[in-house]
Amino acid sequence: METAATQKKILVVDDDKAVIKTLTGLLTNKGYTVLTAMDGLEGMVQVRKNTPDLIILDIMMPEINGYDVCSNLKFDERFKHVPIIVLTSRERELDPRIGQLMGIDYLHKPIDSKLLLEKVQTALK
(Lines give C-alpha, C1' and ligand atoms only; values in the text may rest on other atoms or scores of the structure.)
Protein backbone atom coordinates (compact mmCIF):
# COMPACT_ATOMS: atom_id res chain seq x y z
CA MET A 1 0.00 0.00 0.00
CA GLU A 2 1.33 3.46 -0.91
CA THR A 3 1.91 6.00 1.83
CA ALA A 4 0.91 9.64 1.47
CA ALA A 5 4.60 10.46 1.00
CA THR A 6 4.84 8.13 -2.00
CA GLN A 7 2.30 10.23 -3.83
CA LYS A 8 4.12 13.53 -3.20
CA LYS A 9 6.65 14.94 -5.68
CA ILE A 10 9.45 17.10 -4.34
CA LEU A 11 11.70 19.11 -6.64
CA VAL A 12 15.23 19.71 -5.31
CA VAL A 13 17.02 22.59 -7.06
CA ASP A 14 20.68 23.03 -6.12
CA ASP A 15 23.92 23.44 -8.06
CA ASP A 16 25.82 21.25 -5.55
CA LYS A 17 25.69 17.59 -6.62
CA ALA A 18 26.45 16.43 -3.07
CA VAL A 19 23.41 18.30 -1.72
CA ILE A 20 21.18 16.85 -4.43
CA LYS A 21 22.47 13.34 -3.68
CA THR A 22 21.99 13.77 0.08
CA LEU A 23 18.47 15.20 -0.22
CA THR A 24 17.43 12.66 -2.84
CA GLY A 25 18.50 9.80 -0.55
CA LEU A 26 16.87 11.33 2.52
CA LEU A 27 13.55 12.05 0.80
CA THR A 28 13.28 8.83 -1.22
CA ASN A 29 13.92 6.87 1.99
CA LYS A 30 10.82 8.58 3.41
CA GLY A 31 8.76 7.59 0.37
CA TYR A 32 8.74 10.84 -1.60
CA THR A 33 9.27 11.02 -5.35
CA VAL A 34 12.24 13.31 -5.96
CA LEU A 35 12.86 15.40 -9.07
CA THR A 36 16.12 17.34 -9.39
CA ALA A 37 17.53 20.37 -11.18
CA MET A 38 21.08 21.77 -11.14
CA ASP A 39 20.18 25.45 -11.55
CA GLY A 40 17.26 27.86 -11.40
CA LEU A 41 16.53 27.73 -15.12
CA GLU A 42 16.35 23.92 -15.12
CA GLY A 43 14.24 24.15 -11.95
CA MET A 44 11.71 26.40 -13.69
CA VAL A 45 11.50 23.93 -16.59
CA GLN A 46 10.93 21.03 -14.14
CA VAL A 47 8.17 22.94 -12.31
CA ARG A 48 6.34 23.61 -15.57
CA LYS A 49 6.73 19.98 -16.75
CA ASN A 50 5.96 18.18 -13.50
CA THR A 51 4.23 20.60 -11.04
CA PRO A 52 5.80 19.33 -7.80
CA ASP A 53 4.00 19.31 -4.46
CA LEU A 54 6.99 21.02 -2.83
CA ILE A 55 10.22 22.71 -3.95
CA ILE A 56 13.49 22.69 -1.99
CA LEU A 57 15.53 25.48 -3.50
CA ASP A 58 19.07 26.83 -3.18
CA ILE A 59 19.59 30.60 -3.49
CA MET A 60 23.04 31.06 -5.01
CA MET A 61 22.93 29.29 -8.38
CA PRO A 62 23.97 29.95 -11.97
CA GLU A 63 21.48 31.04 -14.65
CA ILE A 64 18.59 32.11 -12.38
CA ASN A 65 19.08 32.50 -8.61
CA GLY A 66 16.66 31.08 -6.06
CA TYR A 67 14.99 34.41 -5.25
CA ASP A 68 14.17 34.94 -8.92
CA VAL A 69 12.76 31.41 -9.14
CA CYS A 70 10.61 32.11 -6.04
CA SER A 71 9.27 35.40 -7.36
CA ASN A 72 8.50 33.87 -10.77
CA LEU A 73 6.57 31.03 -9.17
CA LYS A 74 4.78 33.07 -6.51
CA PHE A 75 3.43 35.47 -9.15
CA ASP A 76 2.30 32.67 -11.48
CA GLU A 77 -1.29 31.57 -10.77
CA ARG A 78 -0.46 27.98 -11.78
CA PHE A 79 2.34 27.58 -9.21
CA LYS A 80 1.87 30.14 -6.43
CA HIS A 81 0.31 27.44 -4.22
CA VAL A 82 3.43 25.22 -4.37
CA PRO A 83 5.29 25.51 -1.04
CA ILE A 84 8.99 26.38 -1.22
CA ILE A 85 11.72 25.62 1.31
CA VAL A 86 14.84 27.65 0.66
CA LEU A 87 18.01 25.84 1.65
CA THR A 88 21.08 28.05 1.57
CA SER A 89 24.47 28.75 3.07
CA ARG A 90 23.89 32.52 3.00
CA GLU A 91 23.81 34.04 6.46
CA ARG A 92 22.91 37.66 5.78
CA GLU A 93 20.37 39.18 8.16
CA LEU A 94 18.04 40.29 5.38
CA ASP A 95 17.51 36.91 3.75
CA PRO A 96 15.04 35.33 6.23
CA ARG A 97 12.84 38.43 6.10
CA ILE A 98 12.80 38.34 2.30
CA GLY A 99 11.76 34.69 2.55
CA GLN A 100 8.92 35.51 4.91
CA LEU A 101 7.69 38.29 2.63
CA MET A 102 7.68 35.88 -0.31
CA GLY A 103 5.84 33.20 1.67
CA ILE A 104 8.65 30.67 1.69
CA ASP A 105 10.29 28.68 4.48
CA TYR A 106 13.99 29.05 5.08
CA LEU A 107 16.76 26.68 6.27
CA HIS A 108 20.52 27.08 6.44
CA LYS A 109 23.16 24.63 5.24
CA PRO A 110 24.62 22.38 6.47
CA ILE A 111 21.44 20.38 6.34
CA ASP A 112 19.79 19.33 9.59
CA SER A 113 17.98 16.22 8.29
CA LYS A 114 15.46 16.03 11.12
CA LEU A 115 14.50 19.70 10.85
CA LEU A 116 14.28 19.49 7.07
CA LEU A 117 11.97 16.46 7.22
CA GLU A 118 9.77 18.26 9.77
CA LYS A 119 9.50 21.28 7.48
CA VAL A 120 8.75 19.04 4.49
CA GLN A 121 5.94 17.26 6.37
CA THR A 122 4.50 20.58 7.57
CA ALA A 123 4.65 22.13 4.08
CA LEU A 124 2.90 19.14 2.51
CA LYS A 125 -0.06 19.13 4.91
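How many residues of strand E4 (residues 84-88) are buried? Five of its five residues are buried, where buried means under 20% relative accessible area with a 1.4 Å probe, protein chains only. This is a predicted model, in which local features need pLDDT of at least 70, side-chain atom pairs count only at pLDDT 80 or more, and totals for chains, interfaces and linings use all residues. Residues are numbered from 1 along each chain as its sequence is written, and side-chain values use heavy atoms, with hydrogens and water left out.

**The sheet**

- Five strands form an open sheet in the order E2-E1-E3-E4-E5, with parallel pairing; two strands pair if DSSP finds at least two bridges between them.
- Strand E2 (33-37) and strand E5 (105-108) each have a single partner strand, so one side of each lacks a neighbour in the sheet.
- Strand E1 (residues 9-13) pairs with E3 over four bridges, and Ile10 has Leu54 of E3 as its bridge partner.
- Three bridges join strand E3 (residues 54-57) to E4, with Leu57 opposite Val86.
- From E4, Ile84, Val86 and Thr88 point one way, and Ile85 and Leu87 point the other way.

**Helices H1 and H5**

- The axes of helix H1 (residues 17-29) and helix H5 (residues 113-123) come within 11 Å and cross at roughly 60°; axes are lines fitted to C-alpha atoms, and angles run from 0 to 180 degrees between N-to-C directions.
- Leu23, Leu26 and Leu27 of H1 make the contact with Ser113, Leu116, Leu117 and Val120 of H5, contact meaning heavy atoms within 4.5 Å.

Conventions
Helices (H or I, at least four residues) and strands (E, at least two) are DSSP runs, numbered from the N terminus. Buried means under 20% relative accessible area, exposed over 50%, partly exposed in between (1.4 Å probe, protein chains only).
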